[in-house]
Structures are given as structure tokens and as C-alpha cells.
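Student: Can we go through this one together? I'd like to start with the pockets.

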Amino acid sequence: MSELSVKDGLTAMEVASYLRRHPEFLNEFPDIALALVLPREQGSAASLASYQLDVLRDKNRDLGRRLHELIEIAHENETLMVRVHTLTLALMRAKTLPETASSVAAALTEDFNTDLVRLVLFRADPDLPAAEWLIAEPSGAAAFPAFTEFFKRAEPLCGRLQQDKLDTLFGAKAVEVHSAVLLPIGSVGMLAVGSHDANRFHPGMGTVFLKLIGEAVSTALARFPR
């Protein structure tokens with residue numbers, strides 16, 4: 001038996017003695033239980049085999065849950081990608097500034113199932129529609145002091161916006177907005193999406209698709225110089 005020693009110098013007998021004194025050891029290190037080679041005889045070894053089977057079942061259930069979650073995420077991402085693609089095509093088909101702006105509002109409202117949309121453009125144009133979803137401000141970013149830090153960072157902002165931002169964007173409907181997304185659209189303005197659901201948008205959500213939307217809208221609007 002002395003030839004069977006572990007790395008730290010303990011003999012096999014000492015290891016066996018330790019395990020007898022600490023029968024809960026395998027509960028703390030289930031991976032060791034799975035690695036053990038059991039004798040073929042029936043008897044006390046059967047309980048360890050049963051334990052190994054239980055651990056494997058638990059791992060399989062955990063892997064099954066994780067696989068299901070990954071499949072759900074993949075489906076959601078596929079749906080989002082199709083919606084972004086549809087928006088991009090609509091922007092490409094738009095021939096004028098008013099058509100482009102209307103395409104943005106329509107796609108976000110209908111395809112993305114959003115509650116409130118606000119497109120802010122740093123320009124004035126007599127052909128732009130007089131719509132609730134559109135804010136045309138020729139003075140540019142200087143007219144929105146509450147958003148100075150946002151414009152400086154030029155990154156999507158998700159979650160609960162400060163009240164001054166909500167009031168500026170949504171006016172009397174600010175009380176309806178419990179979570180929101182704010183997107184920079186290059187140097188031409190910004191895009192806000194408000195939700196009645198406080199959990200719809202949150203700081204920990206991914207922003208890859210949001211950035212794609214922002215870039216698509218920015219590129220489409222850049223075709224119409226001021």
C-alpha cells in the first residue's frame with residue numbers, strides 16, 4: 001500500500017482513513033466522485049455509484065437548462081437581426097429626408113413593438129412632418145444641455161433616464177416612460193425609445209443591435225446635407 005501515495009506524501013491508507021472520518025467530503029468535491037473507478041462487486045460501492053449517477057443527472061439538467069437558454073437567446077438575436085435588416089432596407093428605399101425620418105419612426109413603432117419614439121434632428125426643414133415623434137432643433141446639441149455627457153460619450157444609454165431628459169424628449173408623456181433607450185445618430189441628432197415597462201430596457205442589456213440601428217439611421221440621414 002505504501003507505493004500508492006498521493007502528491008503531498010499521504011499514503012493510500014491515510015487517504016482512506018480521512019475519507020472515513022469525513023463522509024461529506026464528496027459533497028464538497030463532486031468532480032472527484034465522478035472520477036473514481038468503482039469495483040464491480042455489489043455492496044457499499046452501490047451507494048457511491050448511485051451518488052455518481054445523481055451528480056451526472058444534476059449536471060445534465062443544468063446543461064439542458066443552459067442549452068435551452070442559449071437557444072432562446074439565439075432565436076431572439078435572429079429576430080432582432082431580421083428587424084434591423086428590415087429597417088435598413090426601408091431606409092435605403094427612402095428617397096427624401098421626410099421619408100427617411102418617417103421610416104425610422106414606423107419601423108421602431110411597428111416592427112420593434114415600442115411604446116414611444118422620439119427622433120431628434122439637429123436641423124430644420126419645411127418638408128419634415130409636424131409629428132409628435134419628431135423634434136427638429138437647428139441649434140444642435142447646444143439646445144440640449146441635459147444631454148451633454150451623453151453626446152460626449154456617444155454610446156447607447158439604457159435604463160431609467162433622469163427626469164430632465166424625459167421631460168425634454170417626451171413632454172407630457174414623460175410620466176408614461178418607465179425605461180428607455182437613447183441612441184446617438186452621428187452628428188445629426190439622437191433617437192429615443194421609451195417603454196411603459198420598467199424592465200424592458202436596463203443598463204445591463206446588450207447594445208450591439210442598438211449600435212447597428214444608430215449607425216444605419218445616421219448613414220441614411222447623412223444623405224441629406226443641411
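The chat below covers the largest pocket and then Ser179.

Tutor: First, this is a predicted model, where local features need pLDDT of at least 70, side-chain atom pairs count only at pLDDT 80 or more, and totals for chains, interfaces and linings use all residues. Residues are numbered from 1 along each chain as its sequence is written, and side-chain values use heavy atoms, with hydrogens and water left out.

Student: How much space lies in the largest pocket?

Tutor: About 510 Å³.

Student: Which residues lie nearest its centre?

Tutor: Leu80, Phe112, Phe201, Met205 and Leu210, out of 21 lining residues. A lining residue has an atom within 4 Å of a point of the pocket.

Student: Which element gives the most to the lining?

Tutor: Helix H4, with five residues. H4 spans 45–93, and strand S4 (179–184) and helix H8 (208–221) also give two or more residues each.

Student: And the lining by class?

Tutor: There are 13 nonpolar, five polar and three charged residues.

Student: What does its side chain reach?

Tutor: The backbone oxygen of Asp197 at 2.6 Å, and the backbone nitrogen of Phe201 at 3.3 Å.

Student: What else is Ser179 in contact with?

Tutor: Leaving aside neighbours within four places in sequence, its contacts (heavy atoms within 4.5 Å) include Gly159, Val193, Gly194 and Arg200.

How values were computed. 1 Å grid on protein atoms, 1.4 Å probe; cavity = no way out; pocket = protein on both sides within 12 Å on 5 of 7 lines; lining within 4 Å. Points joined across faces, edges and corners; volume = space filled by probe spheres on them. Helix = DSSP H or I, 4+ residues; strand = E, 2+ residues; numbered from the N terminus. Nonpolar A, V, L, I, M, F, W, Y, C, P; charged D, E, K, R; others polar. Polar contact = N/O pair within 3.5 Å; in protein donor to acceptor, adjacent residues only side chain to side chain.
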